[in-house]
Amino acid sequence: MKRLERILLSIIRRPVKSLILILLVFVCANVISGSIILYNSTQTIKNDIMRQILPVAVFKTLVDNPNDLSPEEWFELPKDEENRVLMDQTIKSFEEIKQLDEVNYGDYALSASFWTDQNIRLNTDYESSLNTIDSAYKHLMVYGVSEADSYYFKKGIIHITEGRNFTDEEIQSGAHVILMPSGSFFIDEKNQLTAIKPNDSIKLISRICSDRVLFDDYFNANGEEIKELDRLKVYEKHNQAVKDTILDENTVEFKVIGLYDDAHFLEKQKRGDYSREIGFSNYGGLVPLNFYLDCYQDRVKKIKQFDELGLFRDDSQKNLMRFLEYNVFMLNDSNDIPVFSEMIQEINEKYQTDMLVKLNNDVYLKIAGPLEGINSLSKFVLVVAVFVTMLILFSVSMIFIKERKTEIGILLSMGEKKGNVVSQILLEMILICFLAIGGSMLTSKSLSQKVEDSILDHKNYRIELSKEEEMMVDESFSAVELMSNYEELLDTSNMFTVSVLSLILVLVPTCVSVLYVLGMKPKEILM
Amino acid sequence: MSILEVKDLTFSYPDGDVKRIILDHISESFDQGKFYAIVGFSGCGKTTFLSLIAALDKPESGSIMYQGKEISEIGYEKYRRNHISIVFQNYNLIPYMNALENVRVAMGITENPLGDDMTRLALEHLFSVGIDEKKAKRRVNRLSGGEQQRVAIARALSTNVDIILADEPTGNLDRKSSEVIVDLLSELAHQRNKCVIVVTHDQNVAKKSDKIINLQTIGMKLKS
Ligand SMILES: Nc1ncnc2c1ncn2[C@@H]1O[C@H](COP(=O)(O)OP(=O)(O)OP(=O)(O)O)[C@@H](O)[C@H]1O
Ligand SMILES: [Mg+2]
């Protein structure tokens, strides 16, 4: 009788024992391969996320644009002089941070509203244009940016559609050049629109007024909303009234060098949605920060003078508050983060800016948190399962070998080589393992899928990132997409490797227990 | 020349701190075609002696020679595989196999040339000890004790060895079955030219043997 026949006979003629073994190995293999699949795929996604999270620091400062603050928080904000000093210090610390070796790129922007010599509308859409007051009554929201390749360009959120971007010299010198959103218009008295083009000029007017001039109502005597043309008249009337309160006026002519747009907006526009939303709180013109800062210094000086002379009839006109629109600092390497954090600490103390740094680690935890959970759980399960599997299989194969002691003794008494007996038992185990592991290959995927589903509700897996947090991830980053990648990984995980691994895990304890055969003496068993 | 020769065979078991000598300088030779009965009181070392000539244990000193060659030189496993067969008191068949398969397992282990059609040969051996084809294909644990011992003898026969060793082969059987088994064993010696060595308490067995070896008279002489 060939050894193979002996092996098959021992499996088939002892069906209960074989089934117990198959079931046992099947369960263990499921747990092991399931947790390997889970571990592997979560690990891959984690790395994916890590790759997509840029080594970026974003600061939360006391002079941030208070757009999304609650009234209480707004009340807590440093006001006037305090705001001015803090902004000075913040800009100084930002400039110092930009110079750090660890920092590859840094950009920040301040926002302010300027008067203009003409009515400007930023949207072709009438309704949404109405909602942005600035764009319709000779006001323009302007952002001072500190880099030629300013952050939203660099990140690819916005891009030049016509003309060109700033040059470094223009940024340095605070040149009088402006980038406008594409699709912005001048509006004349007859409500005629003229598209703004490169080489057009826009006059930005910095005005100090003595009093606040209130608007006439947007509604007519009958309670109906007034038409745009009428509204322009309301603005005009208002502007005339303002002229009488002007204490100082500084007009600077800006040359439009380029138009920018974001792909997002263009897509939305096709759907009839004209709301523009990039990183800024409002759409507006971009100018070099240095122009902006010079202008501000001048304004601070003059307001102080006028105040000393008692020229202000309304205190709100003395307002010096300025806000940071965004700030972002890209590091050379994620590994620099600890050193960078320490440097920040020093700079923070030096300038007493009380800034909170938000690093990509926080974002990572937010995005990868649930995955991290599965990942470490599967690691734990894997370790426990490996240990328990080894233990169980060792005990069971030991029991089965002891139970077959007589049979082994008979074979040995007939002169069968011990190696042959050992390999027979091992081969039996391998055959059983193949059956069980083959089965588990079919089930472990759906098992791990179920585990993962119960921990992580896929369909509802959305990660809301704050504005700062969005600055820390690739533009292409999408949590939902990552999760679908995850599904794919579950599919394509290398089942073969996983199975071979389970096979080894099953064979190790069997091999150890089979060593027992080597010590068997047929005389003691049989006589 | 004798097929098996035992010279000055000595064996002892450890008994606490001292050694308890069981076999002391035993010499004996065995020929082909002869039926030997080993007798002696219980505990005198019969089974021990048999296990030594079956190469299931190592003697302390002395030699066991198969056809003039030390069995340790042949190699214990190889010697067991190709030159001897053992029949046990409690049959020792593989319980989940049938009679035929039990015989074929043994035929698969020996290196002796047996012929091509193993199954037919095995069936012939089984038939020669009185097991028909129907019983041959029955699981051995559903055969009677006597039938199981016949299967064990067929298995011993099947590997075409010269020496057949048996330890109390009739110990578990009734008188009638015992007689059948003893007849079969003596037939192996006298008609098939095997050297059959049987350890027994059974007077019938001893009577049918060609030579009775009383271990207690040859081995105990020197014992204190
Ligand atoms: N493994 C062992 N360790 C220690 N002593 C043993 C061992 N095996 C047997 N003995 C002792 O050796 C002596 C001889 O044993 P053996 O089995 O050879 O006797 P036996 O002649 O076959 O007896 P029986 O007729 O009862 O089968 C006995 O006293 C027994 O107790
Ligand atoms: Mg005995």
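**The nonpolar surface patch**

Tutor: In this predicted model, helix α12 of chain A gives the most to the nonpolar patch, contributing 8 residues. The patch as a whole covers about 950 Å² and is made by A:V27, A:V31, A:L377, A:F380, A:V381, A:V384, A:F387, A:V388, A:L391, A:I392, A:L447 and A:V451. The elements of chain A that supply two or more residues to the nonpolar patch are α2 (15-52), α12 (360-403) and α14 (418-455). A:F380, one of the patch residues, has its place in helix α12 of chain A. With a relative accessible area of 55%, A:F380 counts as exposed, because the term applies to residues over 50%.

Chain A holds an open sheet of 3 strands in the order β3-β7-β8, and the pairing is antiparallel. The strands β3 (119-121) and β8 (193-195) of chain A stand at the edges with a single partner strand each, so each has one side left without a neighbour in the sheet. Direction ignored, neighbouring strands of this sheet are turned by 35° against each other on average. Strands of a sheet pair through backbone hydrogen bonds. Between β7 (residues 185-187) and β8 of chain A, which run antiparallel, there are 3 bridges, and the partner of A:I187 in β8(A) is A:L193.

Technical notes: Residues are numbered from 1 along each chain as its sequence is written. Chains are lettered from A and ligands numbered from 1 in the order in which they are written. This is a predicted model: local features need pLDDT of at least 70, side-chain atom pairs count only at pLDDT 80 or more; totals for chains, interfaces and linings use all residues. Side-chain values use heavy atoms; hydrogens and water are left out. Two strands pair if DSSP finds at least two bridges between them. Helices (H or I, at least four residues) and strands (E, at least two) are DSSP runs, numbered from the N terminus. Axes are lines fitted to C-alpha atoms, for helices over the stretch in contact, and angles run from 0 to 180 degrees between N-to-C directions. Patches are made of residues with over 30% relative accessible area and no salt bridge: like charges are joined within 9 Å, nonpolar side chains (Val, Leu, Ile, Met, Phe, Trp, Tyr) within 5 Å. Accessible areas come from the Shrake-Rupley method with a 1.4 Å probe; for residues, only the protein chains shown count as cover. A salt bridge is a side-chain nitrogen of Lys or Arg within 4 Å of a carboxyl oxygen of Asp or Glu. Buried means under 20% relative accessible area, exposed over 50%, partly exposed in between (1.4 Å probe, protein chains only).
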